[in-house]
Amino acid sequence: MKHQMSRGEFIKLGGFTLAGALVSDIVSANDFLNSNTAKEDIQLMKKLILNNDAKVKSILNKAPLDPTIRVSNFRPIASSIAVMAASISNSKSEYYKSKLLADKLNQAIDILLKEQYPDGTLDAGGNMQSPPDTAFILEYICPAAAVLNLEKQKDLEILRDKLKKFIVNAGEAMITGGVHTPNHRWVICAALANINSLYPDPRYIRRINEWLAEGIYINEDGDYSERSGVYSAVIDKALITMAGLLHKPELLEIVSKNLTTCYYHTETNGDLVTVNSKRQDQFMNLTVVKFYLQYRYMAIHTNNPMFAYMVTVIENLPSFINDVLSDSLVFFMENEEFRKQIPVEGKVVNDFEKFFAVSNLARIRRGKISVTLFGGNDKPIMVVSGRSSNPNFLMYRKGDAILKYMRLSTSFFRLGYFSSDGIVKEGNKYILKEIKEADYYQPLAEEFRKADGDYKLSESPDGRFWNKMDFDSRTKSNVKKQVTVIEITEDNGTLNLDFKVDGPPNVEVTIEMCFKEGSNITGAIMDEKKNYFLKSEMGLLSLGADTVQFGPGKCEHLNVENLDSEEYTYHQGSLRTNGEHVYITGFTPFHHKMTIS
């Protein structure tokens with residue numbers, strides 16, 4: 001068996017270079033110390049200690065948890081343990097060796113021990129006795145134990161024993177427990193690596209290798225299988241942990257590939273493109289702040305100016321104090337690599353065009369103009385976790401003037417929004433196309449008839465509904481098809497759009513544009529529901545000093561309700577979001593050209 005690096009060695013010696021390969025099972029300390037002599041980022045450490053202490057103060061001021069109320073979310077408790085452990089163990093903290101803080105720490109870990117099941121797991125909302133959710137808890141508890149073990153304050157011996165009890169018990173769940181989603185495998189592996197570095201056991205390594213033998217999927221675009229900003233950050237963090245603690249520097253190559261893609265998915269203000277996600281964040285507003293530790297670690301290890309640039313972007317986000325500085329001190333104390341100054345200046349070219357062919361996502365940056373095109377939903381469209389179903393096919397930004405999304409919907413059998421079957425790129429033109437089909441059904445042939453009329457409950461072949469009609473045994477007839485083609489040509493930030501919708505005549509067509517809340521819209525007419533209709537001329541969006549021009553318009557109907565498919569409307573659901581909504585409408589055969597600039 002190869003030598004496994006202990007947490008102490010990892011902290012003292014740091015990690016590995018991206019391209020480096022181990023030439024022996026045991027590497028001497030000097031090999032690392034000679035190549036990892038970067039100075040500590042003193043100013044950042046001061047900010048971390050100051051903000052961690054502020055978080056500790058807020059924790060101490062909170063009323064104790066009501067012991068009669070069962071806890072269902074343990075992450076805030078685990079996070080507070082990590083925050084308190086960092087301050088009580090840091091000689092520059094005002095809470096260093098604080099007995100008051102020690103009491104609070106003991107109370108917190110007692111809650112975890114009380115709620116931990118005999119198999120080592122915790123509940124998490126609706127996930128009962130969940131191994132992966134317990135692994136997320138260990139992301140905080142293991143670093144807390146590590147910094148407390150480094151200090152070895154005599155008065156905290158009982159606390160350290162409690163943490164060890166919780167961690168070792170949880171380790172049994174990590175050895176035997178299962179998962180739900182792709183990222184859970186690597187979160188559990190990282191938890192096992194952390195536990196093994198604290199309390200070595202060959203069973204932890206065997207279980208890690210069992211999961212790793214499945215292979216870590218990352219496609220040519222640099223996306224993990226879930227294509228999720230939330231879970232990409234989770235996986236990157238897990239792989240960095242394993243790379244350092246398990247002598248697996250090759251895992252950093254995967255992280256590097258994903259972080260490069262993440263850069264192209266990030267707007268200049270830190271907003272993260274999530275339209276292509278297969279998880280819940282495909283409809284969420286996220287920033288790149290959760291990637292801070294990952295970019296910092298990789299910037300230090302690879303000298304990559306792009307990664308260094310992203311560190312600076314995140315450090316300047318409004319949420320950086322609350323989301324990073326207030327609870328990350330423990331990770332910097334646990335691993336000195338994070339404390340180093342970044343050895344390279346952040347630098348990128350703010351002009352690019354990237355087509356991610358696997359995900360069918362295009363990202364274009366022209367100075368302050370940013371364009372996102374998407375045509376990569378999973379077919380058939382299903383509203384379920386793990387499948388992409390976002391109808392937004394175009395997003396456009398010019399500084400603060402933001403077109404949050406453009407969608408197209410028709411009344412064709414109420415099949416809902418346009419969802420392209422991929423994207424074809426021809427030079428600077430992107431072609432999005434979809435064919436929708438709806439059917440009628442003939443009487444059953446004699447051999448399928450039943451005297452009592454009790455037929456199989458089945459789904460219609462076009463996926464629109466279910467009924468006790470035994471559709472599989474019926475012949476389709478009166479088949480209707482609708483073909484939608486959208487061609488988008490980009491020229492130095494200006495978009496020329498050409499819409500064609502063909503099929504049965506007199507079908508309502510609706511182009512929906514949703515602009516950022518608070519935007520000023522001129523050139524369009526607003527109705528009593530505060531919807532805007534662009535009738536013929538150009539429209540103008542303005543927010544602050546930035547403007548976006550769009551049009552010309554067309555207005556042939558005013559029916560902009562129920563644009564979603566029946567999969568949503570049957571449950572009184574809707575994908576309509578907050579914002580200023582502008583509509584262009586017509587009927588099939590529909591042909592309309594417009595520009596956005």
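Trainee: Where is the place of Pro380 in the fold?

Mentor: Pro380 sits in the loop that runs between strand S7 (369-374) and strand S8 (394-398). Helices (H or I, at least four residues) and strands (E, at least two) are DSSP runs, numbered from the N terminus. The model is a predicted one, in which local features need pLDDT of at least 70 and side-chain atom pairs pLDDT 80 or more, while totals for chains, interfaces and linings use all residues. Residues are numbered from 1 along each chain as its sequence is written, and side-chain values use heavy atoms, without hydrogens and water.

Trainee: What kind of peptide bond joins Lys379 and Pro380?

Mentor: As a general rule, most peptide bonds are trans. The bond between Lys379 and Pro380, however, is cis, with omega of about -5°. A cis bond also leads from Gly551 to Pro552, where omega is near 0°. Pro552 belongs to the loop between strand S21 (546-551) and H16.

Trainee: What should I note about the phi of Lys152?

Mentor: Most residues other than glycine have a negative phi. Lys152 is not a glycine, yet its phi is positive, about 50°. The residue lies in the loop that separates helix H6 (131-151) from helix H7 (157-176).

Trainee: At what angle do helix H3 and helix H4 pack?

Mentor: Packed helices are described by the angle between their axes and the distance between the axes. Here helix H3 (residues 42-61) and helix H4 (residues 75-89) pack at about 120°, and their axes are 9 Å apart. H3 is therefore oblique to H4. The axes are lines fitted to C-alpha atoms, for helices over the stretch in contact, and angles run from 0 to 180 degrees between N-to-C directions. Angles under 35 degrees count as roughly parallel, over 145 as roughly antiparallel, 65 to 115 as roughly perpendicular and the rest as oblique.

Trainee: What is the hand of the crossing where H3 passes H4?

Mentor: The crossing of H3 with H4 is left-handed, a term for a near helix turned anticlockwise from the far one by less than a right angle. H3 brings Asn52, Asp53, Lys55, Val56 and Ile59 to the contact (heavy atoms within 4.5 Å), and H4 brings Ser80, Val83, Met84, Ala86 and Ser87. Five of these residues are nonpolar, three polar and two charged. In this scheme Ala, Val, Leu, Ile, Met, Phe, Trp, Tyr, Cys and Pro are nonpolar, Asp, Glu, Lys and Arg charged, and the others, Gly among them, polar.

Trainee: At what angle do helix H5 and H7 cross?

Mentor: Helix H5 (residues 99-115) and H7 cross at roughly 25°, their axes coming within 10 Å. The two are therefore roughly parallel, and their crossing is left-handed. Leu105, Asn106, Ile109, Asp110, Leu112 and Leu113 of H5 meet Leu159, Lys162, Leu163, Lys165 and Phe166 of H7. That contact has seven nonpolar residues, one polar and three charged.

Trainee: What is the volume of the largest pocket?

Mentor: Rolling a probe the size of a water molecule over the atoms shows where empty space is left. On a 1 Å grid over the protein atoms alone, a cavity is a set of points where a 1.4 Å probe fits but cannot get out; a pocket is an open set with protein on both sides within 12 Å along at least five of seven lines; lining residues have an atom within 4 Å of a point. Points are joined across faces, edges and corners, and a volume is the space filled by probe spheres set on them. The largest pocket has about 1000 Å³. Of its 35 lining residues, Ile381, Leu415, Asp462, Gly463 and Glu567 are closest to the centre. Strand S11 (429-441) and helix H16 (566-569) are the elements that give two or more residues, and S11 has the largest share, four. The lining comprises 16 nonpolar, seven polar and 12 charged residues.

Trainee: How many cavities of 30 Å³ or more does the structure hold?

Mentor: There are seven such cavities. The largest, of about 270 Å³, is lined by 21 residues, of which Asn194, Lys237, Thr241, Phe331 and Glu334 are closest to its centre. Its lining has 13 nonpolar, four polar and four charged residues.
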